[in-house]
Amino acid sequence: MQSPASPLLTAVHEFMFEPGFHLMTAEMPPGRDLRDILRVQQSLTVEQMEQVLIMLRDALKAAVEQSWPRFTLDATQIVVDAESNTSALLIPDMPLFGMSATMPVDAMQTMAFNPTAFASTEENSVPESTREYVTPLATLCSEMLGASAGGGGQNERFRAIPSLTIYQNTLLRSALAGTQRHSFESLDEFVGQFLSGGEGGRTTIPPRHTASPSRVGARTAHTAVPATSGSTPAASITTRTPADVDTALLQAPPAGYEINRELRTRDGWRLCVARHPSMGDVLLTTLDVSAEVGEAMRRLSGLMQTLQQSTRLELLRPLDVQRSQRILHVARPLPPGRSLLDALRERRSFSRPTVARLLVAILASYEALWSLVERQFVATSLDQFWLPAGKGEADDNGLLLDASQLILESVGTRAQLATRPVTHFARLALLLLGQDSGALSGEGPVRFSPVPELSSEINGMLRRAVSPDQSGDLTLARLHAQLTAALAGHTAVAHASRHVLKVPEDLQSVPVQANLRLRLSPVDNAQPTIALVADDSLWLGRVGTHSDYVAQFRPRNPVNDSRTRLISRAQATAFMQNGQIFLRDIGTTNPSFTAGHHIGSPEIADLPMTLVLAGEYSVEIRLLKSAYATPGPAVIGWPSSKSRSLRRGGCVLYSLDRGTLPCEVAWIFTDASLAIDTTGRLAFDDTDAQNSAARFHHHAGGFWIEATAASVMDLNGRHLQPGEVAPLGQGDTLRLQGQLFQIQPYSLESTQEG
């Protein structure tokens with residue numbers, strides 16, 4: 001123990017063993033113990049906690065390799081030096097062994113104790129592997145973030161920590177279950193997954209500790225048994241300051257690339273057109289990430305990987321992501337057309353029908369991006385949109401969004417993101433019409449001049465929308481629908497591409513059963529139960545008589561049943577108000593979380609999102625894009641209906657965890673597409689409308705099913721051809737893609753928890 005394998009461990013310098021008395025002296029590193037810091041700060045930030053976590057992982061690995069006695073991992077054993085931004089782990093407070101020499105020091109910690117007080121127990125034994133430190137380290141992590149996690153006993157309830165991601169809370173809860181129950185094989189596995197947030201990719205997190213040149217003799221002597229805390233305030237942990245941007249590194253291309261021309265450059269990043277031997281011409285962004293640590297780098301890494309794996313045709317997806325110590329390179333294909341900014345510079349403005357088409361295409365590209373990421377990123381410049389090759393205004397649709405550049409600028413350079421897409425779209429529309437209404441990001445001065453030939457009502461809506469503090473309850477769906485209709489001559493764009501469907505003649509006389517809720521119960525248990533909801537609200541909970549989405553853990557056993565009972569019969573609700581979706585949790589005992597905070601009073605649902613019911617059950621919620629443009633398909637034989645939804649498409653709720661009751665819920669505003677996933681199960685998906693297995697509609701108060709080109713469908717034994725639409729009612733039997741379902745309406749009992 002006198003020669004530790006890591007500078008993060010203190011060394012033993014002097015000792016004395018007597019029959020009834022042991023004394024040991026070791027170096028005392030500079031700084032204050034973590035307990036002192038927590039008394040002043042109450043909790044550390046996530047990045048500060050991660051810094052200590054990395055240090056402890058490295059120190060404990062070295063201790064296990066040298067067979068050091070077990071550490072108790074108390075906060076008083078961790079010393080943090082704010083001046084050098086380093087931490088150290090003090091020696092275990094117990095009898096040590098294996099020492100053979102002495103070494104004089106100026107700064108030391110001295111421990112004196114009676115050896116009879118320490119029996120040969122698990123607490124003072126030598127750990128066999130770093131796995132035994134996973135639970136104590138997870139407990140310490142919770143303490144550093146201001147949460148009381150305890151020791152992970154079976155009767156203890158883990159409370160999610162708002163500052164952590166949902167995935168990190170899941171890992172922490174697993175680690176706190178105890179050494180005999182958690183699945184981590186080593187500290188490396190736990191800390192690696194915890195720091196990465198479950199996101200893969202080629203990006204790695206650099207160590208944030210550096211060895212202090214000399215910690216011995218820097219302070220006066222310190223007696224450490226029992227450990228005492230001074231009365232002076234503890235120094236806060238400092239984080240690494242951003243380094244100056246290295247211009248030479250930004251100018252140098254990555255291996256295998258040849259720079260052709262530079263498009264844009266700002267502090268910390270550069271956008272170029274480059275040539276690659278196998279990929280051809282590419283857009284190449286070079287970003288300085290030397291100052292990015294912790295959450296920012298994990299976010300960039302995860303978002304780039306998400307874009308790479310996406311199949312959305314509206315997005316420019318990364319082809320290659322390379323990371324060096326200070327620079328991140330992201331390459332994606334160079335579109336054959338030109339940027340929207342270049343097109344606008346040539347014309348100075350677009351015609352109103354062209355602006356309507358562009359706004360429709362831009363919203364589609366945004367919805368493609370927002371379906372992959374939780375936050376509603378928006379472009380800061382028109383050159384993040386690329387138009388296809390064409391000569392006239394009629395070709396200015398079907399544009400692509402350079403999502404990689406958008407994300408790199410927003411996250412990598414800490415740009416302020418627009419919190420109101422309504423403001424962004426209003427300013428975007430005015431810019432395309434030849435007016436300067438302020439920055440697209442929503443920052444900066446607001447400038448508005450009425451648009452000629454637009455009604456006073458539309459101009460008034462635009463005036464309110466361009467100012468973030470005046471937009472009020474104006475939603476993006478309402479702004480987009482009314483603005484594009486006004487610009488396109490109300491219905492010109494919609495009717496040009498309107499699909500025509502039909503109700504079979506023998507089914508046109510069948511009365512429509514008024515239903516707001518239907519369940520498709522599978523005869524084969526391998527398929528999920530599918531719930532269709534067209535009400536103003538839907539409910540989530542553990543009981544099917546109280547909730548649309550039934551959250552239960554599987555398989556049934558005492559452990560899973562106890563976890564299910566933590567969820568209320570009706571735990572949370574999502575509801576629609578003026579076209580905006582809100583979320584509210586009514587759990588009286590165990591609150592629900594999203595994006596690291598409690599859900600209590602109604603708040604706007606920023607979709608897509610993950611909702612953790614009662615802190616136990618994760619439900620993914622995302623929007624479904626309608627397969628048809630406004631005003632929807634023309635259906636021959638459909639009864640007339642005066643009701644109009646404020647939103648198009650729908651919303652889907654599902655769980656990614658296979659250890660749950662199979663359940664899918666579609667909240668249908670107008671229509672929702674059902675597809676077959678890679679495992680052969682039916683799931684709601686809007687990525688490929690042409691190859692969907694079926695499509696559900698809510699019209700004239702009832703539910704309808706549409707047979708698509710890829711459908712294999714029988715309703716009550718009658719085969720439906722592609723393009724045919726049939727009503728669904730109580731007692732119907734539906735065979736879809738070879739799977740049999742029984743259709744039954746249902747209603748919810750009291751939503752109050754009893």
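**Close-up views**

**View 1. Leu583 stands opposite Glu603 in strand β25.** The model is predicted: local features need pLDDT of at least 70, side-chain atom pairs count only at pLDDT 80 or more, and totals for chains, interfaces and linings use all residues. Residues are numbered from 1 along each chain as its sequence is written, and side-chain values use heavy atoms, leaving out hydrogens and water. Strand β22 (residues 580-585) runs antiparallel to β25, and the two pair over two bridges. Helices (H or I, at least four residues) and strands (E, at least two) are DSSP runs, numbered from the N terminus. Two strands pair if DSSP finds at least two bridges between them. The strands β22 and β25 belong to an open sheet of five strands, in the order β20-β19-β21-β22-β25. Its pairing is mixed. At the edges are β20 and β25, each of which pairs on one side only.

**View 2. Twelve strands make an open sheet with mixed pairing.** The order is β24-β23-β26-β27-β29-β30-β18-β17-β39-β38-β35-β36. The edge strands are β24 (597-599) and β36 (718-719). Each has a single partner strand, so one side of each has no neighbour in the sheet. Within this order, β17 (residues 517-522) and β18 (residues 529-533) pair in the antiparallel sense over four bridges. Leu520 faces its opposite residue, Ile530, in β18.

**View 3. His719 sits in edge strand β36.** His719 has a relative accessible area of 40% and is therefore partly exposed. On this scale, buried means under 20% relative accessible area, exposed over 50%, and partly exposed in between (1.4 Å probe, protein chains only). Setting aside neighbours within four places in sequence, His719 contacts Met713, Asp714 and Glu724. Contact means heavy atoms within 4.5 Å. Arg735 is 16 residues away from His719 in sequence. In space, the two are 9.3 Å apart, C-alpha to C-alpha.

**View 4. Helices α2 (residues 46-65) and α5 (residues 187-196) pack at an angle of about 165°.** Their axes are 10 Å apart. Axes are lines fitted to C-alpha atoms, for helices over the stretch in contact, and angles run from 0 to 180 degrees between N-to-C directions. The helices α2 and α5 are therefore roughly antiparallel. Angles under 35 degrees count as roughly parallel, over 145 as roughly antiparallel, 65 to 115 as roughly perpendicular and the rest as oblique. The crossing of α2 and α5 is left-handed, that is, the near helix is turned anticlockwise from the far one by less than a right angle; clockwise would be right-handed. From α2, the contact uses Met49, Glu50, Leu53, Ile54, Arg57, Leu60 and Lys61. From α5, Leu187, Asp188, Val191, Phe194 and Leu195 take part. By class, the α2-α5 contact has eight nonpolar, no polar and four charged residues. Ala, Val, Leu, Ile, Met, Phe, Trp, Tyr, Cys and Pro count as nonpolar, Asp, Glu, Lys and Arg as charged, and the others, Gly among them, as polar.

**View 5. Helices α1 (residues 34-41) and α3 (residues 134-144) cross at roughly 35°.** Their axes come within 11 Å. Leu34, Arg35 and Leu38 of α1 meet Leu140, Glu143 and Met144 of α3. This α1-α3 contact divides into four nonpolar, no polar and two charged residues.

**View 6. Two proline peptide bonds are cis.** One joins Arg554 and Pro555, with omega about 0°. Pro555 lies in the loop between β20 (549-550) and α15 (558-565). The other runs from Leu607 to Pro608, with omega near 0°. Pro608 is in the loop between β25 (603-604) and β26 (609-613). Most residues other than glycine have a negative phi, and most peptide bonds are trans.

**View 7. Ala700 and Gln737 have positive phi values.** Phi is about 55° at Ala700, which is not a glycine. Ala700 belongs to the loop between β33 (694-699) and β34 (702-706). Its relative accessible area is 29%, so Ala700 is partly exposed. Gln737, also a residue other than glycine, has a phi near 50°. Gln737 is placed in the loop between β38 (733-736) and β39 (739-745). At 23% relative accessibility, Gln737 counts as partly exposed.

View 8. Of its 754 residues, 52% count as buried. Among contacts between residues at least 6 apart in sequence, 65% join residues at least 24 apart.
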